[in-house]
Each structure stands twice: as C-alpha cells, then as structure tokens.
Amino acid sequence: MYKINLYCVGNLKDKEYFSMCEEYRKRISRFANLNIIEFKERNELTNINLIIENETKEILNKLNAQNIVLFDVTGESFSSDKFAEFIEKHFQTNSELNFVIGGSYGVSNYLKQNANKKISLSAMTFPHRLFRVMALEQIYRALTILNNVSYHK
C-alpha cells in the first residue's frame, strides 16, 4: 500500500475542521496509508524570517528529503484529473509521497527550491485549517479517480 505523509504547521483546534480531516483520513485509508505530522506554529516570535526558518527547520528535521510536494501559491495549478495523473506517475516509481503545508508566513526559500514539486490549489489565500481540509479532499479525489471509484464528477 502506498504511503502519503502530510506535514502541516499548526494544529486543528476547531472540532469541525478536525472532524472533516478525520473523515478524509478514513476515506483515504482505503487506498493509501496517510500520516499527518503537525508542527507547532511559531507565533510567539516577532521576527517573521526567524519564524519561517524555525518552522521550516522543524519540518526538514522530520521530513524524508525525497518526494517533497510543497503546497505553495506560486506552484503549478492542476485540474483534479491532472493531479491524479501526477500522483499515479509518482507512485509508479516511489511508494511514499510527502506533502507540505507551511505556516502562516510560508516556508524558507531553501525548502521552496528543494521541493520536487510545488502545487497551488488556488491563487487565493485560505485559513490553514480550511486549506488542510481542501488538500486532503483533493488527495482523496485523486485516489478515487485512479481507482475508478464514483466520487469525482
């Protein structure tokens, strides 16, 4: 079974968002092992660059340096079908895929430059807790497309 890791800065305090993420985690488990790894958001610091560097350092300390897909507003936009093709192509040669959602201020340039792929779900800005739900939904949608499960229309 394939393994998908979602590295996220910040945790879900709202039970509604947590519940939605758990529902997608359950759905995704039919097709892949999903791990959600959370990192503390560093809002106690006042220097934005220091916040970005500290959060990114924590991610990189836990992250397998390969197969990194960074969700970033400057990344490539995909249709759901093309996103499914991207995942399928990746899993033809790798059994693990690492998605990263940075903190409120983003991630360091080092991570942006060393990610294997940058993907944008939208040019708009969303709250992180909502974006996590959106990312999980799109991962689930892609997996249903690849497995011919009636979900995507």
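Author: Two strands are taken to pair if DSSP finds at least two bridges between them. Strands (E, at least two residues) and helices (H or I, at least four) are DSSP runs, numbered from the N terminus. The model is a predicted one, in which local features need pLDDT of at least 70 and side-chain atom pairs count only at pLDDT 80 or more, while totals for chains, interfaces and linings use all residues. Residues are numbered from 1 along each chain as its sequence is written, and side-chain values use heavy atoms, with hydrogens and water left out.

On these terms, five strands form an open sheet with parallel pairing, in the order 2-1-4-3-5. Strand 2 (32-39) and strand 5 (117-120) are the edges, each pairing on one side only. From one strand to the next, the twist averages 35°; axes are lines fitted to C-alpha atoms, for helices over the stretch in contact, and angles run from 0 to 180 degrees between N-to-C directions. Eight bridges join strand 1 (residues 2-9) to strand 2 in the parallel sense. Asn 5 has Asn 35 of strand 2 as its bridge partner. Helix 3 (residues 80-93) packs on the sheet, where it touches strand 1, strand 3 (68-77), strand 4 (96-101) and strand 5, contact meaning heavy atoms within 4.5 Å. The direction of helix 3 makes about 135° with that of strand 4.

The salt bridges come next. The term denotes a side-chain nitrogen of Lys or Arg within 4 Å of a carboxyl oxygen of Asp or Glu, and nine are found in the whole structure. One of them joins the side chains of Lys 112 and Asp 72, at 3.8 Å from N to O. Because Lys 112 lies in helix 4 (residues 109-114) and Asp 72 in strand 3, this pair ties together parts 40 residues apart in sequence. Asp 72 is buried, at 12% relative accessible area, whereas Lys 112, at 27%, is partly exposed; buried means under 20%, exposed over 50%, and partly exposed in between (1.4 Å probe, protein chains only).

Within helix 3, Glu 85 and Lys 82 form a salt bridge of 3.6 Å, N to O, at a separation of three residues, about one turn of the helix.
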